[in-house]
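Student: I am new to this structure. Please take one part and look at it closely with me.

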Amino acid sequence: MHYGVAFAGKLREACGVCGGFADDQPMAFLTCFALYALQHRGQESAGITAGPGEGRKLWIKRGLGLVSDVFPDSADLKGIVCKLAVGHVRYPYGLEGRDPENTQPLKLRYRHGELAVAHNGKLLNALELREELECQGAIFQTDTDSELLAHMVARQGSESLEEALVEVMPRLKGAFAFVVTDGRKVIGLRDGFGFRPLSLAALEGGGYFLASETCAFDTIGATFIRDLEPGEMVVLDEEGLHSRQIIDNPSTNLCVFEYIYFARPDSNLQGRNVHLVRRELGRRLAREHPVEADIVSGVPDSSIAAASGFAEEAELPYEMALVKNRYIGRTFIKPTQKMREEGVDIKLNAVRKIVEGKRVVLVDDSIVRGTTSLKLIRIMKRAGATKVHLRISSPPVIGSCYYGIDTPDKHDLIAYKRNAEEIAAMTGADSIGFLSMAEVVASLELPKDVFCDACFSCNYPVEP
Ligand code: SF4
């Protein structure tokens, strides 16, 4: 199931990264399986680099499409001689567009040999750094932040990749998780604000593995050790695992949307299971915005956990009122808004026998533009629902994200400068209720200051 795959108007996760080092493991093969688990974080391209091969060279394969498109014969990857591998799945963001040259990992040569970089997130000062390097003669071949990091590393006089990264990291402003290799080691880096997740696991039989989400570890039989700390650099090599804090005064601002929508329900973030958090969001939503109804249903797939929590708390039957066609192409590859809107009709259908004559509570995890809600409510009413009460398991999205999540301009957000009644009228809902941030915080059982909620509050942890 593609939990991160966007219906029209959803926020989109930017990328997933992974990589590991082990003496006696089919690392390229394991990395491919980890990428399958991270597929929801990016469906535009996939890639793996592995090595070292002959002459310390890194093998690489990248391409547009799903992991299964790029690696149709994953068993072949078992034959690649390697102790280490780095993998990437990508959703294109901003400048990067959908150009095949921006697929990752990015591999290039520098004075110490080969260097491969995969990243998730967005550097806020990328343009400034790029301009600075271009003025010094650098020639860029891609629009990625990975290439920017590679250039900065290559220009350091440092003897090792670690030392170069220690020099470069404090100059990077923004949200990122990098996984980097020079064919000798794999290095994981998490930004000093802790926006994007990156976790560490031990491989069965020895070695270590890094991944954006813990669901990747389950897929390859690895045992979760811990999340990387903000500003931490973890090095995996022949000697095992080394860690170093390389950013002064780090803080934690994990993207709260990871809990609400992006991450897979079987992943754990900051020690919390995503599915259980979403169910609790639903329970609290039922208490905060009760309504007289006959059935509760969730928008597949990411809202099902919240809808089940709502139904449980409201003591109403949970029904599968909407069915998703899993074989329709991804809506976001269709270029126009109108086509994207039409995609929802093709993708989701209401079960008439369930909704006919019923007052339905429809639970969704978020509303961005509102186009999806409008279509879904029409579908439900066409199928005979007498009322559709929209319940959203997050607060209204009122600001754009500057930290690597693809969001529309704030003026295109349905909740920007509109109240609940206006949004209900625009979407055709009989009523609407958003979960308050206080209840989101209570569901997480974490202090308010350990995650970013800027698209709900416009309180940006780092000046955009
Ligand atoms: Fe996540 Fe929103 Fe913060 Fe972006 S602004 S990192 S989407 S919570």
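Are F257 and F456 buried or exposed?

Tutor: This is a predicted model, where local features need pLDDT of at least 70, side-chain atom pairs count only at pLDDT 80 or more, and totals for chains, interfaces and linings use all residues. Residues are numbered from 1 along each chain as its sequence is written, and side-chain values use heavy atoms, with hydrogens and water left out.

Both F257 and F456 are buried (under 20% relative accessible area with a 1.4 Å probe, protein chains only; exposed is over 50%, partly exposed in between). Now the rings. Rings of Phe, Tyr and Trp (its six-membered ring) pair if their centres lie within 6.5 Å; planes under 30 degrees apart count as stacked, over 60 as edge-to-face, and the rest as tilted. That rule gives ten aromatic pairs. F257 and F456 make a stacked pair, because their ring centres are 5.2 Å apart and their planes stand at 25 degrees. This pair links distant parts of the chain, 199 residues apart: F257 lies in helix α7 (residues 257-262) and F456 in helix α15 (residues 454-457). Helices here are DSSP runs (H or I, at least four residues), as are strands (E, at least two), numbered from the N terminus.

Next, another pair. Y402 and Y460 are edge-to-face, with 5.2 Å centre to centre and 65 degrees between the planes. They too link distant parts of the chain, 58 residues apart: Y402 is in the loop between β21 (387-392) and α13 (420-427), Y460 in the segment after α15. Y402 has 35% relative accessibility, so Y402 counts as partly exposed. Y460, at 22%, also counts as partly exposed. Y402 and Y460 belong to one aromatic cluster with F193, F195 and Y403.
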